[in-house]
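Me: Hi! I am new to reading protein structures, and I would like to go through one with you, feature by feature.

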Amino acid sequence: MKTFATDFIRNVALIGHSGEGKTSLAEAMLFETKTIDRLGKVDDGTATMDFDDEEIKRKISISMALASAVHKGTKINILDVPGFFDFEGEMVAALKAADSAIVVTSASGTLTVGTEKALEMCLEKSVPAFIFVNAVNKENSDFMSTVDAITAKYSKVVPIELPIMEGGKMVGYVDVFTGEGYTLDGKSHAVPDALEAKSNEFKDKLMEMVAETDEELMMKFFDGETFTAEEIQKGVHAAIASDSFVPLMAGNATTCTRVTGLMDKIVDLLPSPAKAKKAKATKDGATIEVACDSSAPFSAQVFKSIVDPYVGKLLILKVVSGKLQSGDTIYNNTAEKTEKVGTIYVLKGKKQEPVDFLEAGDIGALAKLVYTNTNDTLSAPDYKLDFEKIDFPKPVISYAVTAAKDEEKVIQGLIKMQDEDATFKVEKNIETGDVLISGLGEAQLDIMCKRVKNKLGLDISWAEPRVAYRETIRKTAEAEGKHKKQSGGAGQYGDVFIKFEPGAEDGEFEFVDAIVGGAVPRQFIPAVEKGLREAIKKGVLAGYPMVNIKATLYDGKYHPVDSKEIAFITAAKLSYQDACVKASPCFLEPIMEAKITVPDEYLGDILGDMNKRRGRILGTDIAEGGKQIITAEVPQAEMFRYATDLRSMTQGRGKFTMELIRYDEVPASANAKIIEDAKKREEEAKK
């Protein structure tokens, strides 16, 4: 495949609500540029960008997919991004690599949640955006109501084209810049009366936005002078680059309506990598900005990994500066290791096409790198720097997974899935023994399990994880622990008196040696402490770890022949069991601090729901865009399904983060259930 200079590259992410036609638009762009010779369909499972078995089965995108189309001598790298909220990490990664984004929304007459979230993320990350209102040919579509809904919230969105509709079909469009009407094949078309006033209204807004990009243009605007075509072009570029203008146009992806026109706008209006926002990096301890320049030393960042069944792990990267050539020796600044570049690929869905090199600004893939992973920085060996990391969303929902057989193989399969999705995590909870999978939503976790199941042919089941309760004591108690054993040979004898009380110095366990007069010989005192440290791993109520306990050894007895270390270890455990039962034991549960961001209109519902979860509201703060940030403390046991529930309560507009802050005593009413659950697990383990 031909390589392209930086100025003739456009990196564009297709983002937006699930089911609005992003993958269909990518397919149409590839078809219109003759990159593919047949127009695939998502519903038929033949789309270039949806090639995973689960994607074909569910008819939704799961992973970011890439392909490129050449239009007007310019290579357009298309990053097709899943719209389902569980795969938000894919959008975050795509917007790190892309220099602009096309927000795809349907002409439903509303501002969809996905469109809202996509636009807000573009504004937050300073990524120039463009809106493509898709499916205008669909029955009951309403382009103008869609525009009104979007512009009511985002005044910087202004249409640059208006569809001319006849009999529910788009037959042409009005160019807002000129006020002229055209048929879909570019011939002149009369502007309908209903669109003329709207076109003039939007043109006035466009000219005002153009004027605001330059003082001389502003003066010209106030003097009532008309801008030249060059001035308009320059002003539009500046307004888009500064995120003060989001153009909007309409079309129909499945019939390729105005898709070529969209690509014209991508080439003409959206920035090349050289003119896009510079990448931030750290070099020699200082923060720098790296320009996209082919003459500079090589640097790149890996923003996505794909596990390919034939070539292994494919690392998708964007060359930020310099050139990448097959055979190069490069340096991984993150792993601090040298790598050798083999074949360089550009992607077309699941297909890989080899190329000799990539220019600055281009996107490609490498295989067989030994030390490199997503988010790593690669560079020339003598040009060491580290790009700002992609800030992936943190997992907010976890489930425990089990397998009827070959559990270790299943776990290893799930661990490999982490390479493909940076928001998916696999770990073992040391306290409960659960193997936990964590992510952004139930669908994501279900899909990861299905993928592993399909590859390995093994059944995987998953359920809510156990809470990592702990146990402690609330009172002081003393007990003798006596171990005496005679069995024909050498005997065992150890006798200790220990006081147990709450309040360990480190919050976990504190051992105090208060022996006087040699009641327990010095050589056996470490054995007493060892026995207690082993004992507190299991509490006396349900076997959860015992914490915040202070143990004072104050007396004991020994036998000059039969006393041994093992005897005092056992005696200490007996004392622990006896005393802690009398010391008012109780459960402690993990308390999380949750920060929940929701639009104002959902504040009351969220506060009420948090109270039902035994949460304690610490306060609310006002955030940008008419949102509130609620800070609350809430038991972890009440939050396992919160990601799903919050999405339901806020129609997908809410988000939250959560972290462990401390352990608090569990209400006494819950003790019986915790003990019963522990007994059930113990019985199941014996089977």
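Me: Which strands and which helix do the buried residues of H1 pack against?

Reply: Good place to start! Keep in mind that this is a predicted model. The buried residues of H1 pack against strands E1 (9-15), E2 (65-71), E3 (74-80), E4 (100-106) and E5 (129-134), and against helix H9 (259-269).

Me: How many residues of H1 are buried?

Reply: A residue is called buried when its relative accessible area is under 20%. In helix H1 (residues 22-32), eight of the 11 residues are buried, so the helix is mostly covered by that definition. Among them are Leu25, Ala26, Met29 and Leu30, and the list also includes Lys22 and Glu27. Just after H1, look for Lys34, which takes a positive phi of about 60°.

Me: Where do the buried residues of H10 fall, seen down its axis?

Reply: Start with the list: Val410, Ile411, Gly413, Leu414, Met417 and Glu420 are the buried residues of H10. Seen down the helix axis, they fall within an arc of 160°, so they line one face of H10.

Me: What is the reach of H10 from its first C-alpha to its last?

Reply: To check a helix's length, compare its reach with what is expected at 1.5 Å a residue. H10 (residues 407-420) has 14 residues and reaches 21 Å, close to the expected 20 Å.

Me: At what angle do H6 and H7 pack?

Reply: For a pair of helices, look at the angle and at the distance between the axes. Helix H6 (residues 193-211) and helix H7 (residues 215-222) pack at about 140°, with their axes 7 Å apart. Angles over 145 degrees would count as roughly antiparallel, and H6 and H7 are therefore oblique to each other. Where they meet, Met207, Glu208, Val210 and Ala211 in H6 touch Leu217, Met218 and Phe221 in H7. By class, this contact has six nonpolar residues, one charged and no polar.

Me: Is Asn375, out in a loop, buried or exposed?

Reply: Asn375 lies in the loop between strand E21 (363-367) and strand E22 (377-379). Its relative accessibility is 12%, so Asn375 counts as buried. Leaving out residues up to four places away in sequence, Asn375 touches Gln301, Val302, Thr334, Lys389, Ile390 and Phe392.

Me: And how many helices and strands does the protein have?

Reply: Its secondary structure comes to 16 helices and 36 strands. Of its 687 residues, 52% count as buried.

Conventions:
Residues are numbered from 1 along each chain as its sequence is written. This is a predicted model: local features need pLDDT of at least 70, side-chain atom pairs count only at pLDDT 80 or more; totals for chains, interfaces and linings use all residues. Side-chain values use heavy atoms; hydrogens and water are left out. Helices (H or I, at least four residues) and strands (E, at least two) are DSSP runs, numbered from the N terminus. The expected span of a helix is 1.5 Å times one less than its number of residues. Buried means under 20% relative accessible area, exposed over 50%, partly exposed in between (1.4 Å probe, protein chains only). The arc is that of the directions from the helix axis to the C-beta atoms. Axes are lines fitted to C-alpha atoms, for helices over the stretch in contact, and angles run from 0 to 180 degrees between N-to-C directions. Angles under 35 degrees count as roughly parallel, over 145 as roughly antiparallel, 65 to 115 as roughly perpendicular and the rest as oblique. Contact means heavy atoms within 4.5 Å. Ala, Val, Leu, Ile, Met, Phe, Trp, Tyr, Cys and Pro count as nonpolar, Asp, Glu, Lys and Arg as charged, and the others, Gly among them, as polar.
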